[in-house]
Amino acid sequence: MIRRLGGDIPVKDVRIADAACPAPFAPGLEFSPPARGTWNIVHTGMLIPEAHEIFVCAEGCLRGVVLTAAEMGASDRFSTVAVRENNVTDGDLEDSLIEGVTDILEKLPKKPPAVLVYTSCIHHFMGADLPHIYKTLRERFPDIDFTDCYMNPIMRKSGLTPDQLMRRQLYSLLHGAPRREKTVLIAGNDFMTDDGGDFPAHLREHGWELCEIQRCKTYAEYQALAGAALCVTNQPAAIPGGKLLSERFGMTHHHLPISFDYGEIEANWKTFCAAAGIPEPDFDSLAERCEDMLTEAKREIGDAPIEIDYTVTSRPLSLALMLIRHGFCVTRIYLDGVSGEEAEDFAALQKRAPDLLLSPTVDPVMRVRPRETREKTLAVGQKAAWFTGSGYFVNLVENGGLYGYEAVRGMAVLMRDAWRTPKDARRLIQIKGMGCASCL
Amino acid sequence: MCVMSLKQTARILSTYAGDTSGVCSALFELGGMTVMHDASGCNSTYNTHDEPRWYDMDSLVFISALSETEAILGDDQKLIDDTVRAVRDLSPAFVALAGTPIPMMTGVDLEAVARQIEDECGIPAFGFDTDGMHSYTSGASKAFAALAKRIVREPKKKTDRLSVNLLGVTPLDFSVTGTERTMKNLLEESGIGVVSSWAMSASLEEIAECAKACVNLVVSSSGLGAAAVMRARFGIPFVVGTPCGGKMREEIVTALRQSAEDGADRILPESDPDARCVVIGEGVTAASLAHALRRETGIPTRAICATDGFAELHPMHVPQATDEDDIIPLLSGAETVIADPLYRPIVPDTARFIPLPHEGFSGRIWRRDIPDLADGLTEWIDKNGLGR
């Protein structure tokens, strides 16, 4: 228990050996720590070059997305239609949306080639006729591509989550393009794959081209993505997008998840090389380079406590397991649930490090939990930085474009650098959408 | 084709903080626990863009994480159970439940839910019928009115000297750049005691004891609800006006003294409907700045209220316009427009634009540029070349 004015506060941490999978903590009210580096649906939608976003929602909900666009300097690509009580009582959600979007498009100085129309929880609950809405808009503006996007967090536990839908809809505007053999599309990531990594280098060496939405500068370049022969996803939330690309354009889709386990990384490589018909890289050599980096990081960090949060990577348990196997002292992981991809890592950690603590990030008691540590602590991720109060932190979200062996090496380097030089957590972690433009 | 009034679009404008955020902001420092009854999104919007105190003050503001199934089944019990559990963990002084669009649509009776929580926890609990479709002033006004009804106690006696409560003080209008402290200091320097500030740098106990004040000074429309309740409960008169520069301050001090004497309410800011200098913003602060500019510089100035309107403010002659389509015509012929920087794209090319960042509109983007106009109006006028 933590002593506090007015009483004791229960500690919600749980040893991993005692934790349930996939839900270690009871649901309840939720707290939101001020770490904002992860992307939201505004950031992701803006990846489509030249596209315009129109959100249709209550003003209170619009506020967060309007200011996301404003902070990233993209207000000229962003508009809104407010849903008010009269729309709910009059049942004119369809007409108000159609007329509102029409009004905005007629006022824009230049018609965009594509418009992402985001509907909300209200449209879902009122049973708004979305097919009619999009059909009418397409008839009115035949030169504009419209797609349906969603800001309906109430559906986050029913079917595809808004995050999955957004990553899928990124590719819904593709028309189809001539097949480009020896081209692979990495789909559904917020970050562009690091060009210096093993994967892009190996592709280039064997005559393959890597294409990603982040590399497209124009809407025409974006359209060419549909011609890729292979599609690879590595974030769990990107899988529906990969399936869409496979179904619509005949791409062969492989989900090759991010991992920090050499065996899994090697298996992913083998799957890809077989699909592409290219030789496998020298796995021993790649692993050896990782070992060198990890040894160097361990030499500097020593036995200092390390705390990891789930926003730094989709595989925080895989990362923790790898670090523990290499002698690092990982003491705590901040997460609210365990993804299906991590079930084996969870079980392995229960055996290997039964005292490893799991802490929730959204439980209300986390609001008042002391944000300090007794000794110098390395935080891996922005939420870990907030909860530990440590300036020694790895400032990274969603793997930051690191993949495969490169992710292991990159993480080792980032940890070493974070350990050497403290950062201004207060300033850095409050910036929305890490890697996007920001006026803050 | 359906022909509709197109009054709800924003090609490029931002939107003001919502009423749900207004509730949270009003109650933030008072030791309670506020729960936004919503799926998700309201919480990060509030604490990223609407709440500059979030990083440094451990206020208990949470979200209920409403799911589709709970909404469809009308499972209010989960909200009650989760809230009661958090109350037992964290021991807040009171509970406030703030509604959002889905609870409005499904007809959740948040007042009834609050009563049940109050029965189980033994602390005051409030339910607010906010729905995310109104501006923060509406939500904050409701929250302050509820405090005035339930928390403020009958005074044993009035203060010996002239004293006031500042009503409607939230960072959404005054940020965290020192204006709240300046307003207090200026009143104290004028011989007027400040009993409480609703609700920055205030405690729940100060607010409970605030009926000993002689007059309420409503510095933003967020304070109007509490002013009306305290007028009805305790006969405390109110003066509407935001301290803004020396002359406006003198008028406010005079009005406070008069109201303490005669018990009459007074609304000070006057907007000149034909003026070519325009201030856009929250009703009371914008009208007060317009009034102060005219007093300090002689430049006729009018205000546009871009947040929710309040019937009590009709005497200010400030038009309310919340949508881009409504605001643009009101700027026709303007020579000078003073507004948040995010208004710049709709200001006519022929007008001079003077940016005045407003936390309730652009959030944190220009926080460091928000001036303290309570004491620094003259410098701000000089800096922007508004003097004659």
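Biologist: How far apart do the C-alpha centres of domain 2 of chain A and domain 3 of chain A lie?

Modeller: The two C-alpha centres are 29 Å apart. The model is a predicted one. The domain assignment of chain A lists domain 1 (2-34 + 284-429), domain 2 (49-169) and domain 3 (180-276).

Biologist: How many residues of domain 2 of chain A are in contact with domain 3 of chain A?

Modeller: A contact here requires C-beta atoms within 7 Å. Nine residues of domain 2 of chain A are in contact with 12 residues of domain 3 of chain A. On the domain 2 side, helix H7 (residues 162-169) of chain A gives the largest share, four residues. By class, that side has four nonpolar, one polar and four charged residues.

Biologist: Let us turn to the two chains. How many residues does each chain bring to the contact?

Modeller: Chain A brings 57 residues and chain B brings 56 residues. On the side of chain A, strand S2 (7-9), helix H2 (59-71), strand S5 (78-82), helix H3 (85-90), helix H4 (93-107) and helix H5 (121-125) each supply at least two residues. The largest share, 10 residues, comes from H2(A). That side of chain A divides into 27 nonpolar, 13 polar and 17 charged residues.

Biologist: In which sense do S5(A) and strand S1 (residues 9-10) of chain B pair?

Modeller: S5(A) and S1(B) pair in the antiparallel sense, over two bridges. The bridge partner of A:Thr80 in S1(B) is B:Ala10.

Biologist: Why does the radius of gyration of chain B agree with a compact globule?

Modeller: A compact globule of 388 residues would have a radius of gyration near 21 Å, and chain B has 21 Å, so the two agree. Along the principal axes, the C-alpha atoms of chain B fill a box of roughly 65 × 60 × 35 Å. Of the 388 residues of chain B, 59% count as buried. Among contacts in chain B between residues at least 6 apart in sequence, 71% join residues at least 24 apart. Chain B has 16 helices and 14 strands.

Biologist: What is the strand order in the open sheet of four strands in chain B?

Modeller: The order is S3-S2-S4-S5 (chain B), with parallel pairing. Strand S3 (60-63) and strand S5 (125-128) of chain B are the edge strands, each pairing on one side only. Direction ignored, neighbouring strands of this sheet are turned by 15 degrees against each other on average. Strand S4 (residues 95-98) of chain B pairs with S5(B) in the parallel sense over four bridges, and B:Ala96 stands opposite B:Phe126 in S5(B).

Biologist: Which strands of this sheet does helix H6 (residues 110-121) of chain B touch?

Modeller: H6(B) packs on the sheet and touches S4 and S5 of chain B, with its direction at about 170 degrees to that of S5(B). Helix H7 (residues 136-150) of chain B also packs on the sheet, touching S4 and S5 of chain B; the direction of H7(B) makes about 150 degrees with that of S5(B).

Biologist: Why is helix H13 (residues 316-325) of chain A described as largely enclosed?

Modeller: A residue is buried if 20 or more other C-beta atoms lie within 10 Å of its own. Eight of the 10 residues of H13(A) are buried, so the helix is largely enclosed by the rest of the structure. Among them are A:Pro316, A:Leu317 and A:Met322. The buried residues of H13(A) pack against strand S12 (305-309), strand S13 (329-334), helix H14 (343-352) and helix H16 (405-420) of chain A. After H13(A) comes A:Gly327, with a positive phi near 90 degrees.

Methods
Residues are numbered from 1 along each chain as its sequence is written. Chains are lettered from A and ligands numbered from 1 in the order in which they are written. This is a predicted model: local features need pLDDT of at least 70, side-chain atom pairs count only at pLDDT 80 or more; totals for chains, interfaces and linings use all residues. Two residues are in contact if their C-beta atoms, placed from the backbone, lie within 7 Å. Ala, Val, Leu, Ile, Met, Phe, Trp, Tyr, Cys and Pro count as nonpolar, Asp, Glu, Lys and Arg as charged, and the others, Gly among them, as polar. Two strands pair if DSSP finds at least two bridges between them. Domain bounds come from an automatic or database domain assignment. The radius of gyration is taken over C-alpha atoms; the globule rule is 2.2 Å times the number of residues to the power 0.38. A residue is buried if 20 or more other C-beta atoms lie within 10 Å of its own, exposed if 12 or fewer, and partly exposed in between; C-beta atoms are placed from the backbone. Axes are lines fitted to C-alpha atoms, for helices over the stretch in contact, and angles run from 0 to 180 degrees between N-to-C directions.
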